[in-house]
Amino acid sequence: MTPTGPRPGADRARLNGDLLVDVGSPEEYGALVLRFLREAIGRVEGPLKSRVEELAAGPAGQVHGGALAGLIQLSAASLELGGIHQHRPYSPENLEWLAERAAEGRTVTATAGIVGQGGLRIEVLCHLWAWRDDADERWAVLRISTPVTAELAAAVVGSIRDAAAAADPVFGSVGHGGEPTRTELEHALGLRDLGDTYDDARRILRGYDWITVVPRQLAAEHGGPAAHAGAGLAEAEELPSGALWLRATEEFADYRGSAVWAMFQAVAPMLPTGLPAAREELGVPRPASPVVLEDAGTYGATRAFDS
């Protein structure tokens with residue numbers, strides 16, 4: 001089963017926040033999903049309203065008039081392959097319904113977008129997933145995807161940080177991101193998907209980005225926030241679980257060049273060994289999170305994923 005909704009990266013410039021978590025009990029997972037969705041939706045309601053007003057003042061308003069509106073739709077996948085999705089409009093009660101469906105093992109999504117005449121979708125402002133793989137129910141990925149704007153970047157960062165603080169994260173990142181089950185580094189190393197790396201993901205860091213969440217086991221092994229305070233990063237803080245929150249620069253737009261090197265060097269001893277290869281772009285290139293094309297083994301890494 002793959003995540004529903006628009007393919008991450010299909011839009012030209014989207015900011016993606018991802019958090020890999022151990023599922024635990026259905027009740028624990030459902031509570032985490034509910035908190036993640038509730039807080040993320042709360043953060044995007046203001047930008048959604050502002051964007052409707054912005055579009056209403058331009059050509060879209062001339063076409064759609066008073067029909068322009070912000071809409072948040074909730075969806076739960078069927079437990080059967082190829083089954084029918086269930087959809088409900090956003091409300092606090094329906095959000096609890098969606099978290100219950102997540103606890104059952106379903107992929108759930110919430111999409112905040114702008115619609116016009118006849119319910120025509122004009123723009124997707126935010127897409128949220130809570131995705132459990134039907135082949136391995138031990139882990140789940142929480143993802144938030146938005147256009148790259150300062151206001152929405154704050155929503156992405158806040159949502160991932162709050163979710164990471166409420167959990168014992170296995171890995172997390174904020175940036176252009178890779179695929180839902182493969183970081184850009186894993187792709188560059190020829191690793192196939194999370195099924196190949198999950199079992200080792202608390203002893204080998206899966207990748208890095210503008211913001212990187214290091215699991216508590218690796219954080220403790222490599223000195224915690226104190227060891228990264230002078231690494232040239234904008235932020236190095238410990239989360240409640242002991243996981244490490246690393247932020248390369250204050251603004252996402254500044255994550256390039258020396259800032260990418262600073263993040264790479266800060267986490268290199270935790271990364272898998274091996275020489276990454278540049279991604280071959282087929283069709284229209286998409287914005288991608290940068291990967292330093294150097295073997296992390298040269299910078300202190302000693303472990304490799306078995307696959």
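Entry 1, a residue in a strand. I started with Asn 16, which lies in strand β1. The model is a predicted one. I then looked for a partner of its side chain and found Ser 145, with a polar contact of 2.8 Å between the two side chains. Leaving aside neighbours within four places in sequence, I listed what Asn 16 is in contact with: Arg 143, Ile 144, Ser 145, Val 156, Ser 173, Val 174, Gly 175 and His 176.

Side chains of opposite charge can pair when their charged atoms come close. My search of the whole structure returned 24 salt bridges. I looked up Arg 138 and Asp 199, whose closest N and O atoms are 3.0 Å apart in a salt bridge. Arg 138 lies in strand β6 and Asp 199 in the loop between α6 and β8, so this pair ties together parts that are 61 residues apart in sequence. I noted Arg 138 as partly exposed at 42% relative accessibility, and Asp 199 as exposed at 58%.

Next I took the salt bridge of Arg 161 with Glu 237, where the closest N and O atoms are 2.6 Å apart. Here helix α4 holds Arg 161 and strand β9 holds Glu 237, so the pair ties together parts 76 residues apart in sequence. Arg 161 is partly exposed, with a relative accessible area of 22%; Glu 237 is also partly exposed, at 35%.

I also checked Arg 203 and Asp 200, whose side chains meet in a salt bridge at 3.5 Å, N to O. Arg 203 is partly exposed at 38%, whereas Asp 200 counts as buried at 15%.

The largest cavity holds about 150 Å³ of space. It is lined by 20 residues, and those closest to its centre are Asp 18, Phe 171, Ser 173, Thr 183 and Arg 206. Strands β1, β6 and β7 are the elements that each give two or more residues to this lining. By class, I noted 6 nonpolar, 7 polar and 7 charged residues in the lining of the largest cavity.

Definitions and conventions. Residues are numbered from 1 along each chain as its sequence is written. This is a predicted model: local features need pLDDT of at least 70, side-chain atom pairs count only at pLDDT 80 or more; totals for chains, interfaces and linings use all residues. Side-chain values use heavy atoms; hydrogens and water are left out. On a 1 Å grid over the protein atoms alone, a cavity is a set of points where a 1.4 Å probe fits but cannot get out, and a pocket is an open set with protein on both sides within 12 Å along at least five of seven lines; lining residues have an atom within 4 Å of a point. Grid points are joined across faces, edges and corners, and a volume is the space filled by probe spheres set on the points. Helices (H or I, at least four residues) and strands (E, at least two) are DSSP runs, numbered from the N terminus. Ala, Val, Leu, Ile, Met, Phe, Trp, Tyr, Cys and Pro count as nonpolar, Asp, Glu, Lys and Arg as charged, and the others, Gly among them, as polar. A polar contact is a pair of N or O atoms within 3.5 Å; within protein, one must be able to donate a hydrogen and the other to accept it, and residues adjacent in sequence count only if both atoms are side-chain atoms. Contact means heavy atoms within 4.5 Å. A salt bridge is a side-chain nitrogen of Lys or Arg within 4 Å of a carboxyl oxygen of Asp or Glu. Buried means under 20% relative accessible area, exposed over 50%, partly exposed in between (1.4 Å probe, protein chains only).
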